[in-house]
Amino acid sequence: MTKSKNTAAKAKNATPSPAVAAAANVQCGTSCGTLKCLKKLVFIAIALGIFCAAIEYTRTTVFDPKELQTLAQEAIRENEAAGGSTDDLVDSVVAKMRAKYPGHILPEPEWMFNNAGGAMGAMLVLHCSFSEYIIIFGTPLGTEGHTGRFLADDYFTILEGEQWAFPAGSLQREVYKAGDQHHLPLGVAKQYKMDKTCWALEYAVGNIPAMLPFGFADSFFSTLDFVSLYQTVKVSAVGMLSELFINGKV
């Protein structure tokens, strides 16, 4: 009888209390949930890596930075000779782009605000595909911020005004005037300033989808301008899908 009582007592003591069991279940659930999240993150990272590699190895380029700089310089000279305005200059650049790259310039580009890296301006998206984009970007008020650090080369050809820039470690600013082209190599970042009125023709070539988070971040964490965000997402999607399915261009 005594032995039976001792066995029952041990069995009772071996059974965890409801609180301990609940804690164990929570811990197990948390561990399992963390593991599932890690698996999803790894899967997403691998998928993004494959996507980025696919863009890199299948990309087709239409534009050439030197050609774009020459085109911009021609428009600047013609506009100065005619005594034209900034509007005339922009219209001339867009017309020349359509003539030189038929079928690759959006038919009805619209102006929209762009906030990125702390800088603010307006942009006119002329082309957007998975491997290239071309915009006219600038401001009549001046702005400054972080260029971003991208998986793409960026070419910034000044149409009017000046852009200043410097990389970390340099104690002197770089100055780019009308007709000059500022090349920001892949993986490089700088601080830049568009002094007073400044407009530029910007061309990026590389992994364009990887650049989008930089362009979207300020809308979520600073301006909360979801109208401009919607316009940017819309024109990016339309441009990329049109180039892919109509022109067969990545």
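This is a predicted model: local features need pLDDT of at least 70, side-chain atom pairs count only at pLDDT 80 or more; totals for chains, interfaces and linings use all residues.
Glu174 belongs to strand S6 (residues 174-177) and Lys190 to the loop between S7 and S8, so the bridge ties together parts that are 16 residues apart in sequence. Glu174 counts as partly exposed because its relative accessibility is 22%, whereas Lys190, at 10%, counts as buried.

The whole structure contains three salt bridges. Another of them joins the side chains of Lys96 and Glu78, at 3.3 Å from N to O. Lys96 sits in helix H4 and Glu78 in helix H3, so this pair links parts that are 18 residues apart in sequence. Glu78 is partly exposed, with 42% relative accessibility.

A salt bridge also forms between the side chains of Glu132 and Lys249, with an N to O distance of 2.9 Å. Since Glu132 is in strand S3 and Lys249 in the segment after helix H6 (226-245), the pair ties together parts that are 117 residues apart in sequence. Glu132 is buried, with a relative accessible area of 0%, and Lys249 counts as buried at 2% relative accessibility.

## A buried glutamate without a salt bridge

Glu202, in strand S8 (residues 191-206), is buried but has no salt bridge.

The side chain of Glu202 does make a polar contact of 3.0 Å with the side chain of Tyr133. Leaving aside residues up to four places away in sequence, Glu202 touches Tyr133, Ile134, Ile135, Phe137, Asp154, Tyr155 and Phe156.

## Helix H3

Helix H3 (residues 65-82) has 18 residues and spans 26 Å from its first C-alpha to its last, close to the 26 Å expected at 1.5 Å a residue. Its buried residues are Pro65, Leu68, Gln69, Leu71, Ala72, Ala75, Ile76 and Asn79. They lie on the same side of H3 because they cover an arc of only 160° around the axis. The face turned away from this buried side carries the exposed residues Lys66, Arg77 and Ala81.

The packing partners of the buried residues of H3 are helix H4 (86-100), strands S3 (132-139), S5 (152-166) and S7 (181-184), and S8. At the start of the helix, a side-chain oxygen of Asp64 comes within 3.0 Å of the backbone nitrogen of Lys66. Just after H3, Gly83 adopts a positive phi of about 65°.

Methods
Residues are numbered from 1 along each chain as its sequence is written. Side-chain values use heavy atoms; hydrogens and water are left out. Helices (H or I, at least four residues) and strands (E, at least two) are DSSP runs, numbered from the N terminus. Buried means under 20% relative accessible area, exposed over 50%, partly exposed in between (1.4 Å probe, protein chains only). Lys and Arg count as positive and Asp and Glu as negative; His and the chain ends are not counted. A salt bridge is a side-chain nitrogen of Lys or Arg within 4 Å of a carboxyl oxygen of Asp or Glu. A polar contact is a pair of N or O atoms within 3.5 Å; within protein, one must be able to donate a hydrogen and the other to accept it, and residues adjacent in sequence count only if both atoms are side-chain atoms. Contact means heavy atoms within 4.5 Å. The expected span of a helix is 1.5 Å times one less than its number of residues. The arc is that of the directions from the helix axis to the C-beta atoms.
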